[in-house]
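The sequence and the structure are shown first.

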Amino acid sequence: MSNRVLNNEITFTMNQRNCPVCDSLKSKSLYSNSDYKYIDANGEIYRAPLHYVVCDDCAHIYKNPNPDSEQFNELYRSAMIDAAETSAEENDARAAQHFNAFIKLANEFFSESQEPISVLEIGCGNGKMLKEICVCYHDKIKQAKGIDPSLPLGRALSGNNYFEFENIRFDQLDLSRKYDFIILDNVFEHFDFPREELNRLKQILTMDGQIYIAIPNILLTPTGFVDMFAGHPSNYLLENFNWLIDQSGFHLLRYDYGKWLTCLIRPKRTGDDSVKLDIISAKSKVNELIGRQFRKNNDVRGKIILLIEKEVAELKRKGKKLIIFGAGCHTQELLCQIDFENVICGLIDKNSYYHGKKRMGYLVYSPAQISSLEFGKILLSSQSFENDMRKTLINLGVAQDRIISIYENVGY
Ligand SMILES: [Zn+2]
């Protein structure tokens, strides 16, 4: 039983589909979570069951059924890209990681170009990487443009000094203008119809142009409490990604496997070899590497649930309250999976956009307000930012033994 008042949940329409890479109808179920929900910047909760399948013919991991694209676009419009729990330093460190991965593949194009370059970043998020690129190659770039559908980010980026910004999705972009270099950093995996998007990319790329695409390296997917594939409708392996771009008239120039699978592609030319899909290699990666991640994930989840249930019981016995640090999807998933028996007295989050508002039925405070709150313990609800959150609290004078670090505790 809970006394919190929740907004109405928005339920996505789910659509059945063929494999977005090879159009095959045949697939096997890989992972399902029918209770999965998203929470957006405004606190709206969307029920969007997760059903990942593996294509029999190309080993592509994709969502099927998939939430309706039109409805999902609404979610992107209200999205804020910076993880709510992130500090400025952590954000800068992340931006540097993205930029370093980018220059590793793209530096040659920019350094060696004799002509001024026009650049487009699709889904530029907070604009940090595009700004870095503009600064780094200012003598090479003639024009730079970023697009992103998020309204909160649009307000922040309009009129910035580094690049032209348009608050739109890729399918709303004017296709008559061409670009020499196009960037999709952690964007391509969000496309429901990658073949259509590749066609669109071909239309706006100059003949000698190149495209940088960074997608999650699914062989290194994070384990923990949230969805391993982070809700992405498409989860590529190098094998089926390379085959897809070849089929769409592109040639893979080079790639790198790190935190992300980063790729540099250009339009196909006569003489380029065509790509054969190495289905045996792709299937063995899915079975062995991704299978192992799933087992590890289930193990971590089980341990975390036990740990939290024990803490909740202890607080309840002592008549004390719990605060949760983190007002995003990780907390949404914890609330979905665990009965907190009314011990939660509020949430804290670094994102000032949330302060004073209710999310998931709880009021959100800033970390600085912690000293004015009555609580027994505080639970860090994030996998990536657990350390960062702990540091924040310790700097605010919260004693170590009042902080519950779930991932550290389960030895993750
Ligand atoms: Zn397929």
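## A cysteine and its contacts

C22 touches C55, D57 and C58, leaving aside residues up to four places away in sequence; two residues are taken to be in contact if their C-beta atoms, placed from the backbone, lie within 7 Å. The model is a predicted one, in which local features need pLDDT of at least 70 and side-chain atom pairs count only at pLDDT 80 or more, while totals for chains, interfaces and linings use all residues. Residues are numbered from 1 along each chain as its sequence is written.

C22 is found in the loop between β2 and β3, and it is buried, with 20 other C-beta atoms within 10 Å. Here a residue is buried if 20 or more other C-beta atoms lie within 10 Å of its own, exposed if 12 or fewer, and partly exposed in between, with C-beta atoms placed from the backbone. Helices (H or I, at least four residues) and strands (E, at least two) are DSSP runs, numbered from the N terminus. Between C22 and I338 there are 316 residues in sequence and 39 Å in space, C-alpha to C-alpha.

## Overall dimensions

The chain has ten helices and 22 strands, and its C-alpha trace spans about 75 × 50 × 35 Å along the principal axes. For 412 residues a compact globule would have a radius of gyration near 22 Å, and the chain, with 22 Å, agrees with this; the radius is taken over C-alpha atoms, and the globule rule is 2.2 Å times the number of residues to the power 0.38. Buried residues make up 37% of the 412 residues in the chain. Of the contacts in the chain with a separation of 6 or more, 73% are between residues 24 or more positions apart.

## Nonpolar cores

A nonpolar core is a set of buried Ala, Val, Leu, Ile, Met, Phe, Trp, Tyr and Cys residues joined through C-beta atoms within 7 Å. The largest such core has 65 residues, and those with the most contacts inside it are C55, C58, I182, I211, Y212 and I213. Strand β13 (residues 205-216) gives the most to this core, with six residues. Because domain 1 (10-75) and domain 2 (88-290) both give residues to the core, it lies between them.

I182 touches L120, I122, L201, L205 and I211, again not counting residues up to four places away in sequence. A second, separate core of 37 residues includes I45, Y354, I404 and I406.

## Domains

The domain assignment gives domain 1 (10-75), domain 2 (88-290) and domain 3 (319-409), with bounds that come from an automatic or database domain assignment. The centres of domain 1 and domain 3, taken over C-alpha atoms, are separated by 29 Å, and six residues of domain 1 are in contact with nine residues of domain 3. By class, the side of domain 1 that touches domain 3 has three nonpolar, one polar and two charged residues; Ala, Val, Leu, Ile, Met, Phe, Trp, Tyr, Cys and Pro count as nonpolar, Asp, Glu, Lys and Arg as charged, and the others, Gly among them, as polar.

Helix α8 (residues 329-337) is mostly covered, seven of its nine residues being buried, namely C329, H330, T331, Q332, E333, L334 and L335. These buried residues pack against β4 (37-39), β17 (322-325) and β18 (344-348).

Six strands form an open sheet with mixed pairing, in the order β19-β20-β18-β17-β21-β22, where two strands pair if DSSP finds at least two bridges between them. The edge strands, each pairing on one side only, are β19 (358-359) and β22 (403-405). Strand β21 (residues 377-380) pairs with β22 in the parallel sense over three bridges, and I403 in β22 is the bridge partner of I378.

## Backbone details

A cis peptide bond, with omega about 0 degrees, joins N64 and P65; P65 is found in the loop between β7 (61-63) and β8 (66-67).

D23, although it is not a glycine, has a positive phi of about 70 degrees. D23 lies in the loop between β2 (14-15) and β3 (27-33) and is exposed, with 12 other C-beta atoms within 10 Å. E341, also a residue other than glycine, has a positive phi near 45 degrees; E341 lies in the loop between α8 and β18 and, with 14 C-beta neighbours inside 10 Å, counts as partly exposed.
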